[in-house]
Structures are given as C-alpha cells and as structure tokens.
Amino acid sequence: MKKIIFIALLAMVSFGFFSCERNQEPCKFHAQTLDLTVKQADWQWDENTEQFYFHFDVPELTWDIYDYGNWTICREYNYGTADAYQVALPESSYMWENVEDSVTHQVTTIYYTQHIDYRIGVGYVEIQLTNSDYTYTAENPETMHFRLQLIY
C-alpha cells in the first residue's frame with residue numbers, strides 16, 4: 001500500500017514538473033516619466049473651490065494606462081540641481097507668512113497649511129493647491145515642478 005501511495009505521489013510531482021510550460025522571459029513593463037512645470041503666472045484660481053489649479057494635457061495617459069496601469073505624481077524641489085529631491089503627492093506643508101495691517105502697520109504672523117493634490121483622468125492631470133483657512137496672498141503660488149511616472 002505504501003508503495004502505491006509513493007508511486008502516485010511521485011507521478012503527481014513529476015507531472016507537475018513536466019506538464020507546465022516555463023516562460024524563460026520575465027514579464028516586462030513599460031515606464032515613462034513626464035516632467036510637468038507650473039509657472040507662477042500660469043496658476044488658475046477657482047472661485048467655487050477657493051483653490052489654485054493647473055490643467056495639463058497628457059495624451060500619453062490613455063484608457064489602457066488609466067484602467068490597467070499605475071502612476072505616481074511627485075513634486076520635485078530644487079529642479080535641475082544636484083540637490084533635487086521629490087515628495088509624493090498629496091503633500092501638506094506647514095507655512096507661515098508675515099502680514100502687515102494697512103492701517104496700523106502692525107505685522108502679524110499667520111500660520112496655515114498648504115495642501116497640494118491632483119486629479120487624473122484619460123488625457124489629463126490637474127494639480128490643485130489649497131491653503132487651510134483659505135489664507136492667500138494677492139499673488140499666485142510659486143513656480144512648481146512635478147514628475148508624473150507611468151507604469152503599464
């Protein structure tokens with residue numbers, strides 16, 4: 001009886017080794033990195049959401065990538081230098097600004113959080129910038145550089 005069980009197990013193991021076709025080539029993915037820059041003058045203001053945004057047309061972002069691929073978006077600091085580094089979105093930064101009262105000329109420090117996030121869809125990426133308590137100065141946010149990495 002033990003002999004029959006041993007032979008049956010041996011047959012099943014050898015069937016498993018020889019019946020499967022082995023693919024010697026590893027699965028290959030495609031990767032693409034796109035640099036996206038928003039210049040200070042290009043930020044748009046949305047009255048309804050009270051946030052800044054910029055819309056990028058990204059034709060590389062197809063339905064196939066949207067449905068089956070993967071992506072990350074990072075903000076890159078010190079772009080083009082040896083000290084460059086990336087922070088993945090969404091990103092929250094704790095900020096402060098000295099504001100002078102136009103009447104009393106007294107300077108007050110205001111603290112707020114700046115939140116940068118994104119929307120992504122077929123053919124586009126939209127970067128969004130919101131400040132907590134809707135604390136905004138009269139000027140647009142600074143120029144910012146982003147990197148979109150697509151894996152499909």
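Q: What's the strand order in the open sheet of four strands?
A: The order is β1-β9-β4-β5, and the pairing is antiparallel. Strands here are DSSP runs of E with at least two residues, numbered from the N terminus, and two strands pair if DSSP finds at least two bridges between them.

Q: Which strands stand at the edges?
A: β1 (31-38) and β5 (85-88) do, each with a single partner strand, so one side of each is left without a neighbour in the sheet.

Q: What does the twist average from one strand to the next?
A: The twist averages 30°. Axes for that are lines fitted to C-alpha atoms, with angles running from 0 to 180 degrees between N-to-C directions.

Q: Before we go on, what sort of model is this?
A: A predicted one: local features need pLDDT of at least 70, side-chain atom pairs count only at pLDDT 80 or more, and totals for chains, interfaces and linings use all residues. Residues are numbered from 1 along each chain as its sequence is written, and side-chain values use heavy atoms, with hydrogens and water left out.

Q: Good. How many bridges hold the pairing of β4 and β5?
A: Four bridges, in the antiparallel sense, with β4 covering residues 70-77. Tyr77 has Tyr85 in β5 as its bridge partner.

Q: Switching to hairpins: how many residues sit between β6 and β7?
A: Six, and His105 in that turn has a positive phi of about 60°. Strand β6 (residues 91-100) pairs with β7 (residues 107-121) in the antiparallel sense over ten bridges. Glu100 stands opposite Val107 in β7, while Val99 has Thr108 as its bridge partner there.

Q: And which residue in the turn between β7 and β8 has a positive phi?
A: Gly123, at about 85°, in a hairpin with two residues between the strands. β8 takes in residues 124-131 and pairs with β7 in the antiparallel sense over eight bridges.

Q: Now the glutamines. Is Gln114 buried or exposed?
A: Buried, at 9% relative accessibility. The cut-offs are under 20% relative accessible area for buried, over 50% for exposed and partly exposed in between, with a 1.4 Å probe and protein chains only.

Q: Where does Gln114 lie, and what is in contact with it?
A: Gln114 is in strand β7. Leaving aside neighbours within four places in sequence, its contacts (heavy atoms within 4.5 Å) include Arg75, Glu91, Met95, Leu129 and Met144.

Q: Which side chains make polar contacts with the side chain of Gln149?
A: The side chain of Thr72 does, at 2.6 Å, and so does that of Gln86, at 3.4 Å. A polar contact is a pair of N or O atoms within 3.5 Å; within protein, one must be able to donate a hydrogen and the other to accept it, and residues adjacent in sequence count only if both atoms are side-chain atoms. Gln149 lies in β9 (residues 144-151) and counts as buried at 18% relative accessibility.

Q: What else is in contact with Gln32?
A: Beyond neighbours within four places in sequence, Gln32 is in contact with Glu60, Leu148, Gln149, Leu150 and Tyr152.
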